[in-house]
Amino acid sequence: MKQVLAFFLLTLFIVSVHAQPARRGGAGGAPSQLGYPIKSGPLPDMDAYTADGEPIKVREMIDGKYTVLSAGCLTCPQFHNGYPHVEAMAADYAPKGVQFFYFYKNLRHPELEGYVQAQNMKERFLQLKEAREKLATKITWIADTLDDSMQTALKSGPNSLFLISPDGEIVAG
C-alpha cells in the first residue's frame with residue numbers, strides 16, 4: 001500500500017501543478033483570496049451537502065479511506081482543464097480503495113457563460129447538477145455551503161486538490 005500511496009501522491013502533485021497556472025517565482029498552487037491552500041495538518045471541521053441536499057460533515061465522509069477532494073464549478077477554466085486528470089486518477093485508484101469527491105463551490109468567474117452566483121442552496125444544487133451533466137463526470141459531487149465552509153477552511157483556490165489520509169489528515173493540498 002505504501003508504494004501505491006507514494007505513486008498516488010506523485011500523480012496528485014503532477015496533476016495539480018500541471019492544471020494550475022504558474023505564478024511568478026515558482027510552480028503551480030494558485031492562491032485564493034484567503035491565501036494559499038492548506039498543504040498538511042488535520043482536516044478542518046467543515047459542513048457540506050450531498051448532491052441530493054442532505055447535510056453532511058466532511059470528516060464523516062472520510063470513513064477510514066484515503067480521500068481526494070477536488071474543488072470545482074461551472075466557470076473555472078483551470079477546473080475545466082484539470083478535471084479529466086482527476087477522473088483518470090479515480091478510474092485508476094478507486095478500485096484500490098481511494099474515494100474521490102468534487103466539491104461544488106461558488107463560481108470562479110460568474111461573468112462567464114451567462115451564470116450568476118447562487119443566491120441560495122437550491123440554486124447551488126441546480127448548478128452542481130448542471131456541472132455534473134455538462135462535464136459528464138463519474139466522480140461523486142458534494143456542495144459547499146452557501147457561506148463557503150469548505151472553500152474557506154481549506155483556503156481552496158482554483159482547481160485545488162486535497163488528499164486526505166484515512167485518519168483525517170491532509171497529506172497533500
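Helix α4 is followed by A136, whose phi is positive, near 50°; helices here are DSSP runs of H or I of at least four residues, and strands are runs of E of at least two, both numbered from the N terminus. The model is predicted, so that local features require pLDDT of at least 70 and side-chain atom pairs count only at pLDDT 80 or more, while totals for chains, interfaces and linings use all residues. Residues are numbered from 1 along each chain as its sequence is written, and side-chain values use heavy atoms, with hydrogens and water left out.

The 15 residues of α4 should span 21 Å at 1.5 Å a residue, and the end C-alpha atoms are 21 Å apart, which agrees; the expected span is 1.5 Å times one less than the number of residues. At the start of the helix, a side-chain oxygen of N120 reaches to within 3.2 Å of the backbone nitrogen of K122.

The buried residues of α4 are M121, R124, F125, Q127, L128, A131 and L135. Seen down the helix axis, these buried residues fall within an arc of 160°, so they line one face of α4; the arc is that of the directions from the axis to the C-beta atoms. Buried denotes under 20% relative accessible area, exposed over 50%, and partly exposed the range in between, with a 1.4 Å probe and protein chains only. An α-helix has 3.6 residues a turn, so residues three or four places apart point the same way. On the other side of α4, K122, L126 and E133 are exposed. The cover over the buried residues includes β2 (47-50), α3, β5 (99-104) and β6.

Within α4 (residues 121-135) lies Q127, which counts as buried at 10% relative accessibility. Its side chain makes a polar contact with the side chain of Y104 (3.2 Å). A polar contact is a pair of N or O atoms within 3.5 Å; within protein, one must be able to donate a hydrogen and the other to accept it, and residues adjacent in sequence count only if both atoms are side-chain atoms. Beyond four places in sequence, Q127 touches L74, Y104, L107, V116, Q117 and A118, contact being heavy atoms within 4.5 Å.

T145 is found in the loop between β6 (140-144) and α5 (149-154) and counts as buried at 9% relative accessibility. The side chains of T145 and D147 form a polar contact (2.5 Å). Leaving aside neighbours within four places in sequence, T145 is in contact with D47, A48, Y49, M121 and R124.
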